[in-house]
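Here are my notes on this one, point by point. Have the model open while you read.

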Amino acid sequence: MKRWLIVSIAANLIALAGPGTRAATAQGAAPAPPTNLTVADHPWDNGDSLDLKWELSPDDASLLNYQVFKALGQIGPVNQSPLEFELVGRVPPGTGEYQVSHVPAEIEKSVKDMESHRNLFSDPPLPEDPRKKVKLKVSYLFRVVAVAKDGAPSTSATTTEPFTPTREWFMGNRFSLSIITVIFCGAVIFWINRARKGKPIKVRKIAGLEAVDEAVGRATEMGRSILYVPGTQDINEIQTIASLAILSRVSKTAAEYDAKVEIPVARSLVMATARETVHAAYLAAGRPDAYNEDLIYYVTDEQFGYVAYLQGMMVREKPATCFYMGAFYAESLILAETGNSIGAIQIAGTAMPAQLPFFVAACDYTLIGEEFFAASAYLSGSAEELGSLKGQDVGKVMVAVLLLLGVLMATIATMADNATLQDWVTYLKEIILT
């Protein structure tokens, strides 16, 4: 009876005390706040990071974490509306500094995963995470709060003056890229100078380009035309530009052999550029009188309408040689199979990986990827182009070495569970190779 009476009295006293007393009992006393909060611009950055430092709370040993908040700073007359501070990060106890641009790895990974599954055509863009980088030329105020293990927050340590990040002349975390750039550019300059001095530069033979003279000669002997297709994309496509460089060589050889080159195009600007290219080639061959601009004409922008015209023309006129150089899509197999059916020599070149198998299967020669882009230097023999080509090879070797080094370091870091090696792998992957 006495025990029941004591429990009843205690319950009534708690009820009379109200919710404030219950909350205080559950949450406990607030910890002592951190002090001397300072802000400094992060050195050697792009003006998108700030470094915060503070003195730890006297109750640091009993804290859950420190919470960092930011708000837009006041510039000019003080605005009477209260500042809206937003949480930008949490710091474990024992830590008295924080870089505002820091994004926790798990948050960054989740945002990337969400972005990769987002429909780029229908889904709205993802909102910017508030923990991401601060903006250049924008002032900020900061606040740090100590949070006890039971969730009780302390009073805040707040900066008294707004701070604005500034942009440095150089980014420190990209210093390694400057070294790579110097090595790469130095290699290009070295090989160009070597080529200008007349020293031989070895470039491996490309069968498709070696066969250009043979293909044009065969068309001349048979008294039939040469069909040149510069892809289906406009002049702003790099593959179209590379195709026109090869067209210059084909046209010059055709002018010397007095062969007919027909160039139907799918873009009007490509037609104008191709006419200038062929005209210059005929002038270089000493045959300006043989140039006929009517053989370079526009058909249509519509993909399969253009291909249907080419297919019909090939069946009717039966050209002896067909060149397919540029960006192609589903039409690649149609063109290659039609040319194969009429017995033409076919030389193709493209950097479209999905179309390469069709050209390889149905054409006599195929320029694969970089062979296509190297054709201009290969055919012209220009010192500048050959030197640039050789310098690019140095860059490729550097990238290959860095990839092998990264794979080796990642393997060792995983097997040995070495955090330092893992940090180097992250730096190599996200800074140097990105």
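1. A word on terms before we start: contact, or touching, means heavy atoms within 4.5 Å. With that in hand, take Thr350, which lies in strand β12 (residues 345-350). Leaving aside residues up to four places away in sequence, Thr350 touches Gln239, Gly326, Ala327, Phe328, Leu356, Phe359, Leu367, Ile368, Gly369 and Phe372. Thr350 has 0% relative accessibility, so it counts as buried (buried is under 20% relative accessible area, exposed over 50%, partly exposed in between, with a 1.4 Å probe and protein chains only).

2. Some ground rules. This is a predicted model, where local features need pLDDT of at least 70 and side-chain atom pairs count only at pLDDT 80 or more, while totals for chains, interfaces and linings use all residues. Residues are numbered from 1 along each chain as its sequence is written, and side-chain values use heavy atoms, with hydrogens and water left out.

3. The overall picture: the protein has 15 helices and 13 strands. Helices (H or I, at least four residues) and strands (E, at least two) are DSSP runs, numbered from the N terminus. Of the 434 residues, 38% are buried. Among contacts with a separation of 6 or more, 69% are between residues 24 or more positions apart.

4. Now the sheet. Six strands make an open, parallel sheet in the order β10-β9-β8-β11-β12-β13; two strands pair if DSSP finds at least two bridges between them. β10 (296-298) and β13 (365-368) are the edge strands, each with a single partner, so one side of each has no neighbour in the sheet. From one strand to the next, the twist averages 15 degrees.

5. Which strands does β11 pair with? β8 (residues 226-229) is joined to β11 (residues 321-325) by four bridges, and Val229 stands opposite Tyr324 there. Five bridges link β11 to β12, again in parallel, with Thr321 opposite Ile345.

6. Back to β12: six of its six residues are buried. In a regular strand, side chains alternate between the two faces of the sheet. Here Ile345, Ile347 and Gly349 point one way, Gln346, Ala348 and Thr350 the other, and all are buried.

7. Have a look at helix α6 (residues 212-222) too. Its buried residues are Val212, Ala215, Val216, Gly217 and Ala219. Their cover includes α5 (207-210), β8, α7 (238-257), β11 and β12. Just after α6, Gly223 takes a positive phi of about 70 degrees.

8. Helix α8 (residues 268-284) lies across β9 (261-265) and β10, running at about 175 degrees to β10. Axes are lines fitted to C-alpha atoms, for helices over the stretch in contact, and angles run from 0 to 180 degrees between N-to-C directions.

9. Last, the helix pair. α14 (residues 383-416) and α15 (residues 419-432) pack at about 150 degrees, with their axes 8 Å apart. That makes them roughly antiparallel (over 145 degrees; under 35 is roughly parallel, 65 to 115 roughly perpendicular and the rest oblique). On the α14 side, Leu402, Leu405, Gly406, Met409, Ala410, Ile412 and Ala413 meet Leu421, Gln422, Trp424, Val425, Leu428 and Ile432 in α15. That contact divides into 11 nonpolar, two polar and no charged residues.

Notes:
Ala, Val, Leu, Ile, Met, Phe, Trp, Tyr, Cys and Pro count as nonpolar, Asp, Glu, Lys and Arg as charged, and the others, Gly among them, as polar.
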